[in-house]
Amino acid sequence: IIDDQIENSYSLKLTNRAPETVLLSIDASGLDGLTVIEPVQWIEVEPGETIDVAMTLSIPLITAQGGMHPINIVAMAKETDIQKAVDTRFYVPSNLD
């Protein structure tokens, strides 16, 4: 819990199978107030490259309810329709006192 926000960290593995460099943005959805804290800039992935990217998501403490909550993370390529979505979970401790 940081600044009245609950944060969860994730490790993303991004692979570019296209013949050209792609710029990717990362977004997340599934909970009220869910925000991408990191990464905030475009991620460049060279052809044939696989990179690991640290991701941090947060939700406001005031909207948090304890438990595991389904969320969706999407990597979207700039200037193309290429995107990849994955389902995962956002953990909120049940003892927020």
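How much space lies in the largest pocket?

Analyst: This is a predicted model, in which local features need pLDDT of at least 70 and side-chain atom pairs count only at pLDDT 80 or more, while totals for chains, interfaces and linings use all residues. Residues are numbered from 1 along each chain as its sequence is written, and side-chain values use heavy atoms, with hydrogens and water left out.

The largest pocket holds about 430 Å³ of space. A pocket is found on a 1 Å grid over the protein atoms alone: it is an open set of points where a 1.4 Å probe fits, with protein on both sides within 12 Å along at least five of seven lines, and its lining residues have an atom within 4 Å of a point. Grid points are joined across faces, edges and corners, and the volume is the space filled by probe spheres set on the points.

Of the 19 lining residues, L14, T15, L24, A75 and K84 are the closest to the pocket's centre. Two or more lining residues come from each of β1 (5–15), β2, β6 (67–77) and β7 (83–92); these strands are DSSP runs of E with at least two residues, numbered from the N terminus. The most come from β6, which gives 5. By class, the lining has 13 nonpolar, 3 polar and 3 charged residues. Here Ala, Val, Leu, Ile, Met, Phe, Trp, Tyr, Cys and Pro count as nonpolar, Asp, Glu, Lys and Arg as charged, and the others, Gly among them, as polar.

Strand β2 (residues 22–29) also contains S25. Leaving aside residues up to four places away in sequence, S25 touches W42, V74, A75 and M76, where contact means heavy atoms within 4.5 Å. The C-alpha atoms of S25 and A77 are 6.5 Å apart, although 52 residues separate the two along the chain.

Methods: Helix = DSSP H or I, 4+ residues; strand = E, 2+ residues; numbered from the N terminus.
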